[in-house]
Amino acid sequence: MEPAMSTVSAGILLFLILDPLGNIPVFMGLLKKVAPARRRFVLARELLIALVVLFVFLFCGQYLLNLLQLKQQSVSIAGGIVLFIIGLRMIFPPKDGIFGDDGNAEPFIVPMAIPGVAGPSAMAAVMLIANSNPGRTVDWSVALFLAWFATALILLSATYLFRWLGE
């Protein structure tokens, strides 16, 4: 019989899926047109939105999929296709930017909160963790929050790195 996942291992798994180190260059590129005084606010707002989305998927993800009559595999495939398209746009950027940048407008929800932090992999992972042992919802909530908190600390400290390194 397979041993149950611990809260710590779930937290580490979620932290690796949230990928704060991989998100630093993308986030700093998206925030370069935002006024330096607002960067931390925008980043904190996007991180909080991502946390809310992940908790919604932790508690209600399976119900949402059942309501829409979707299988987890189809959501994962669709998420992979979206990330593939974003990757292609990063390799071959259009003249208006990777995400269709709107001049000096600051990012809102897409692409920083979703799919940046709360991407399809993170959403699927929290649903799978929640379904693996539904009686341990508190443990999974703690694991999710700690993984998100570590991610938030790394990404928020990256704004200092951005000031120091510049573009």
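1. Helices here are DSSP runs of H or I with at least four residues, and strands are runs of E with at least two, numbered from the N terminus. The model is predicted, so local features require pLDDT of at least 70 and side-chain atom pairs pLDDT 80 or more, whereas totals for chains, interfaces and linings use all residues. Residues are numbered from 1 along each chain as its sequence is written, and side-chain values use heavy atoms, with hydrogens and water left out.

2. The protein has 7 helices and 0 strands. Of its 167 residues, 37% count as buried, where buried means under 20% relative accessible area, exposed over 50%, and partly exposed in between (1.4 Å probe, protein chains only). Among contacts (heavy atoms within 4.5 Å) between residues at least 6 apart in sequence, 83% join residues at least 24 apart.

3. Asp-19 counts as partly exposed because its relative accessibility is 37%. A polar atom of the Asp-19 side chain lies 3.1 Å from the backbone nitrogen of Gly-22. The C-alpha atoms of Asp-19 and Val-117 are separated by 7.5 Å, although these residues are 98 apart along the chain.

4. Two packed helices are described by the angle and the distance between their axes. The axes of helix 2 (residues 20-31) and helix 3 (residues 36-67) come within 11 Å and cross at roughly 125°. Axes are lines fitted to C-alpha atoms, for helices over the stretch in contact, with angles from 0 to 180 degrees between N-to-C directions. Helix 2 and helix 3 are therefore oblique to each other; angles under 35 degrees count as roughly parallel, over 145 as roughly antiparallel, 65 to 115 as roughly perpendicular, and the rest as oblique.

5. Phe-27, Met-28 and Leu-31 of helix 2 form this contact with Arg-39, Val-42 and Leu-43 of helix 3. The contact residues comprise 5 nonpolar, no polar and 1 charged. In this grouping Ala, Val, Leu, Ile, Met, Phe, Trp, Tyr, Cys and Pro are nonpolar, Asp, Glu, Lys and Arg are charged, and the others, Gly among them, are polar.

6. Arg-45 also belongs to helix 3. Arg-45 is buried because its relative accessible area is 18%. Leaving aside residues up to four places away in sequence, Arg-45 touches Arg-38, Glu-106, Pro-107 and Phe-108.

Key:
A polar contact is a pair of N or O atoms within 3.5 Å; within protein, one must be able to donate a hydrogen and the other to accept it, and residues adjacent in sequence count only if both atoms are side-chain atoms.
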